[in-house]
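Hello,

Here is the structure I promised to pass on to you. Have a look at it first, and then read on for what turned up in it.

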Amino acid sequence: MPAFIRNDRRMALPIHSAAFSDSLVVLGTAGLVIPAFARFRITPVIGFILVGMLVGPTGLGRLIDEAPWLYYVTISDPHSIEPFAEFGIVLLLFSIGLELSFRRLWGLRRTVFGLGTSKLVLSALLIGGGLWIFGQTPGGALGLGLALALSSTALVLPMVGTSGAVGQRAFGILLLEDLALVPIVFILGAMAPYGETAGWDGLLRTVISGIAVIAVMMIGGRLILPRLFAQAARAKNPELFLSASLLVVILASIATTAVGLSPIVGALIAGLLIAETDYHSEVDLVTAPFKGLALGIFLITVGMSVDPLMILENWDKVALAVVAIVATKALVTAFLLRFWGAKRAVAAETGLLMSSPSETTLIVLATAAQARLIDPGTVGFWQVVTAIGLTITPILAKVGHDLARKVDERESDADTDPDLSGNIEARAIIAGFGRVGRLIAQMLDAHGKPYIAVDADIDTVIRARRRGYKAMFGDVAKPGMLDHLNLSNASALILTMDDPVQLVRITRQARQSYPELTIVARARDPNHAAELYRAGATDAVPETLESSLQLSEAVLVDLGVAMGPVIASIHEKRAELRAKIMEMGEISREPAFGRRRLRDAGPQEG
């Protein structure tokens, strides 16, 4: 705090207090960082950590004595916001529990206790063994190995979720590490030079008490929570629902903390219990803003623990430590995932995603320091490494995703690319495989018509293949791709892409090369449909026309207009639009949209 504030008693008003100033900085940061980084499609995680470095005591806070006005744009007491950061982690674990159920958790038992345990133990042994070889004491090497082997729940799960091949495996590993945090802390405490017996006794008492408290929470929660939230729902008061949700989280965290467990264990169990009720979606919705803000505060505290001057003075050692930790954990995780049967792409992405240290690493480092297993200088160095690792986690996630995409693309192309030769039955080519393309493929399948879908987005192709669609990677806009698709043997070319200019160009090119080919194109509106007809489309279907007519019909009927006049006016408007397309598209037959073909087909059998 600058001297002019310390020496003026009038400045003791709340508006000039450190808490007020720090709150303004934190809230202002959230208001600037989130939209600024969202504009550039960058996760705000990096922004919060960088802001923490900037406004913390090792950043601009160093200059307060020379520039007292900086007091109002820096955080003067980093420890004052730590409780809010811890609450953010608690809410994060609570929201993770909301996404689960005990049935799903039981289904993940192999990943949690098999893969998760293997990853934690093997990573800790390799990291600790390496530090022991370089001169660290056995106790210090064990403490550092366990601390640095942990991965970040707070950053990883919001990026990948808890579903999907990567998300499920990441969640299983992280859940085991969160549960293992309690025994890790007590084992390190038991290794303190003067606390061996008391430490082990304390660990045993904590385990017994923890099991008892968790059992009471699970039984009581199943009986009480549905009634509690039912009353809150009947009141139809959002504030009451929010209060009940926060009350459950806080009481569960207090209960586990009282017996020596981590508060995040209580929060996770509370989330699991609420996930079994009918109110989990509403609870997740009302607590989301608090979770995001508190998590941002936590990331700011991580940034404040980084000293830029220390990094500059020891940049080579810091860089070597970060690379060594990331490489070791990535290789261990990827190897174990392959051993447990995961695909190469999943193993590569998950390995890099889980390679950086965790927010709980800071807790374990503090515990090891209190047990005098690690000296303060060593703890400070690894805190900086941990903060840097958390900062680069989004970058590692992006690299892992891109690497997985390339690996999956290579494997998919090698294993399942379709035969495009002329020796197979003629089939439709669907160019573009978004929501429209998928629906067309489903209808073709339903009527036994063969097809192959082509899309320029490899992620779309991979997802389609996993769901059983016949899809391949390719960009029909590139020269030569239409020839590669062997359109001379195709039954039809169906263009469903979003780009209207590209649709016209490809239609014209395909018609010039294949005069007899049936070309059906997705049009944006009647004017675009007319342009596609002029380019040579067999049929062009405006995507907005029929939906707009059906909406108009529903509105008029709901407003009390008789069905007969409504249907007549809809037919008139459809005929008017058909005539407009025929005139603009320079065609003599009616465009194929609406109910014309169904009506002309007459009654059908069955």
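Accessible areas here come from the Shrake-Rupley method with a 1.4 Å probe. On that basis, the protein chain exposes about 30200 Å², and carbon and sulfur atoms supply 63% of this area. Please keep in mind that this is a predicted model.

To get your bearings, start with the overall make-up. The protein chain contains 27 helices and 6 strands. Of its 606 residues, 48% are buried. If you take the contacts between residues at least 6 apart in sequence, 70% of them join residues at least 24 apart.

Helix H11 covers residues 238–258 and helix H13 covers residues 280–304; their axes come within 9 Å and cross at roughly 80°. Angles from 65 to 115 degrees count as roughly perpendicular, so H11 is roughly perpendicular to H13. Which residues meet there? From H11 they are Phe241, Leu242, Ser245 and Leu246, and from H13 they are Glu282, Val283, Val286, Thr287 and Phe290. By type, the residues of this contact of H11 with H13 divide into 6 nonpolar, 2 polar and 1 charged.

Now to the aromatic rings, where the structure holds 2 pairs. One is formed by Phe381 and Trp382: the ring centres are 5.2 Å apart and the planes stand at 85°, so this pair is edge-to-face. Are these two residues buried or exposed? Phe381 has a relative accessible area of 17% and Trp382 has 8%. Buried means under 20%, so Phe381 counts as buried, and so does Trp382.

Phe433 and Tyr469 also form an aromatic pair that is edge-to-face, with 5.1 Å from centre to centre and 80° between the planes. This pair links distant parts of the chain, as its residues are 36 apart. Phe433 sits in the loop between strand E1 (428–431) and helix H20 (435–446), while Tyr469 sits in the loop between helix H21 (458–466) and strand E3 (471–473). Both Phe433 and Tyr469 are buried.

One last stop is helix H8, residues 153–160. Thr153, Ala154, Leu155, Val156 and Leu157 in this helix are buried. After H8 comes Gly161, which has a positive phi near 75°.

Enjoy exploring it, and do write back with any questions.

Best wishes

Key: Residues are numbered from 1 along each chain as its sequence is written. This is a predicted model: local features need pLDDT of at least 70, side-chain atom pairs count only at pLDDT 80 or more; totals for chains, interfaces and linings use all residues. Side-chain values use heavy atoms; hydrogens and water are left out. Axes are lines fitted to C-alpha atoms, for helices over the stretch in contact, and angles run from 0 to 180 degrees between N-to-C directions. Helices (H or I, at least four residues) and strands (E, at least two) are DSSP runs, numbered from the N terminus. Angles under 35 degrees count as roughly parallel, over 145 as roughly antiparallel, 65 to 115 as roughly perpendicular and the rest as oblique. Contact means heavy atoms within 4.5 Å. Ala, Val, Leu, Ile, Met, Phe, Trp, Tyr, Cys and Pro count as nonpolar, Asp, Glu, Lys and Arg as charged, and the others, Gly among them, as polar. Rings of Phe, Tyr and Trp (its six-membered ring) pair if their centres lie within 6.5 Å; planes under 30 degrees apart count as stacked, over 60 as edge-to-face and the rest as tilted. Buried means under 20% relative accessible area, exposed over 50%, partly exposed in between (1.4 Å probe, protein chains only).
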